[in-house]
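Okay, everyone, thanks for coming. Let me put the structure up on the screen, and then I'll walk you through one part of it.

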Amino acid sequence: MSAGPRVSLPVAVVMARKTVTGKGWQVPSWRVVGVVAGAELAVQQARGTPIREDGTEEHFLWGGLNLELFRDAAASYWANLTGRQPSLFVLCSEDDQGRLVPKSVTADQDEASSGVEVNDRVFSAPIPPEVYQHLEAFVIAHHVPEEKRKRKRTDWSAHEES
């Protein structure tokens with residue numbers, strides 16, 4: 001993004017992993033359980049901290065991430081907020097141990113699409129209420145809707161060749 005961030009919100013991602021088995025094979029299946037926000041998450045250096053296991057699924061907390069809001073993406077945030085399911089998007093890549101690691105969290109649908117193009121795994125998660133409030137205030141302050149322009153019709157009769 002070209003314009004610097006106006007807002008940076010500390011967030012963490014809760015990821016779940018379960019093993020899917022078939023005839024002679026096992027693969028991990030990942031999903032995002034949710035995104036949580038709070039200042040105490042900014043200092044959390046632990047990455048992939050196990051927080052729950054119930055026998056079928058393990059949950060991990062990935063802290064130390066920030067949701068960066070940029071002025072020039074305000075239109076994308078607005079489209080996200082006014083869409084059918086407002087979401088945050090978690091862009092992940094695989095580490096050396098085969099775990100999916102969240103690299104970034106965004107509210108920008110265009111950035112999420114770009115992540116898919118570079119082979120990131122992209123998950124969506126509901127926007128936590130405290131993040132929604134910041135995102136909504138940011139959009140109100142920075143989104144300037146484009147003025148709809150009516151196309152003028154060309155008067156072809158004036159250009160007729162005789």
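I'll start with confidence, then go to one strand and the core around it.

So, this is a predicted model. The chain averages a pLDDT of 86, and 90% of the residues score at least 70. If you go element by element, strand β7 has the highest mean pLDDT, at 96, while β3, residues 47-53, has the lowest, at 83.

Now find strand β6, residues 100-106. Is it enclosed or open? Largely enclosed by the rest of the structure, because five of its seven residues are buried.

Who's its partner? Look at β5, residues 87-94: the two strands run antiparallel, with six bridges joining them.

Okay, on to the core. The largest nonpolar one has 30 residues, and V105 is among those with the most contacts inside it, along with V13, M15, L67, Y77, L88. Several elements give two or more residues to this core, including β1, β2, α1, β7 and α3. The top contributor is β4, with six residues.

Last stop, V105 itself. What does V105 touch? Leaving out residues up to four places away in sequence, V105 contacts V11 and V13, then L65, N66, L67 and E68, and also L88, F89 and V90.

That's my tour; questions welcome.

Conventions:
Residues numbered from 1 in each chain as written. Predicted model: local features only at pLDDT ≥ 70, side-chain atom pairs only at ≥ 80, totals over all residues. Heavy atoms only, no water. Buried < 20%, exposed > 50% of the residue type's maximum accessible area, 1.4 Å probe, protein only. Helix = DSSP H or I, 4+ residues; strand = E, 2+ residues; numbered from the N terminus. Pairing = 2+ DSSP bridges. Core = buried A, V, L, I, M, F, W, Y, C linked by side-chain atoms within 4.5 Å. Contact = heavy atoms within 4.5 Å. pLDDT = per-residue confidence, 0-100.
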